[in-house]
Amino acid sequence: MPAVAGRVERVTARVPLDLERILALVRPLSTSLDSVFHGEDHWRHVASIGLDLAERTLQCDPIVVCLFALLHDARRIGDDDDPQHGARGAALVHSLKLGRFGFSAAQLALVETACRGHTGGGLSGDPTIGTCWDADRLTLWRVGIAPTVAYMSTAAGREAVASGRRVARATDWSEVALRLRTPSHSARSHLKRGT
């Protein structure tokens, strides 16, 4: 069983997340933007899956989950082994000075922690970080790896793997933005199913 990281104290500032504005900052700095495995399509799928899991995970901050999705692989170099890409993603979070958009220091610390620790197969006791990592791991099918219950931090992630339930995948960033504004099960009906 992988090591379990502890809970992180969090404070949620419920500010709107302007995905297009953040993407406009991240795209020019990304080293993986066009990657089939780790590029923008992957970021969007992680955001969508993360929102699906967040709806089922108490005390999860969906804004942090979406920021993680946008940033965790943005500074990845190539699709092969790159153990430092999580640290580069965390550095990107810091360098973008996202606090100017109203995100709290606690939220940004969660995003940095989630980016830094998402490689290596660990688990987290924090509901937001666990949701971030589970959302990323539920996309492992894209590289020929079946997600397993042992590597899921949240009950929602474990249930998704154990049941074989396909989680919602957005085909466009506007769908993710809609889900952020209306975090209900009805919003998911507009999404294409499957991972």
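**Salt bridges up close**

Modeller: Let's start with Arg56, which is partly exposed, with a relative accessible area of 35%. Keep in mind that this is a predicted model. The side chain of Arg56 meets that of Asp52 in a salt bridge, with 3.0 Å from N to O. Asp52 itself counts as buried because its relative accessible area is 0%, under the 20% cut-off. As for the background, side chains of opposite charge can pair when their charged atoms come close.

Next comes Asp82, which bridges to Arg88, and here the closest N and O atoms are 2.3 Å apart. Asp82 is buried at 9% relative accessible area, while Arg88 is partly exposed at 24%.

Now have a look at helix H5, residues 105-117, where Glu112 and Arg116 both sit. They are four residues apart, about one turn of the helix. These two form a salt bridge as well, their closest N and O atoms being 3.8 Å apart. Arg116 is partly exposed, with 46% relative accessibility, and Glu112 is buried, with a relative accessible area of 19%.

How values were computed:
Residues numbered from 1 in each chain as written. Predicted model: local features only at pLDDT ≥ 70, side-chain atom pairs only at ≥ 80, totals over all residues. Heavy atoms only, no water. Salt bridge = Lys/Arg side-chain N within 4 Å of Asp/Glu carboxyl O. Buried < 20%, exposed > 50% of the residue type's maximum accessible area, 1.4 Å probe, protein only. Helix = DSSP H or I, 4+ residues; strand = E, 2+ residues; numbered from the N terminus.
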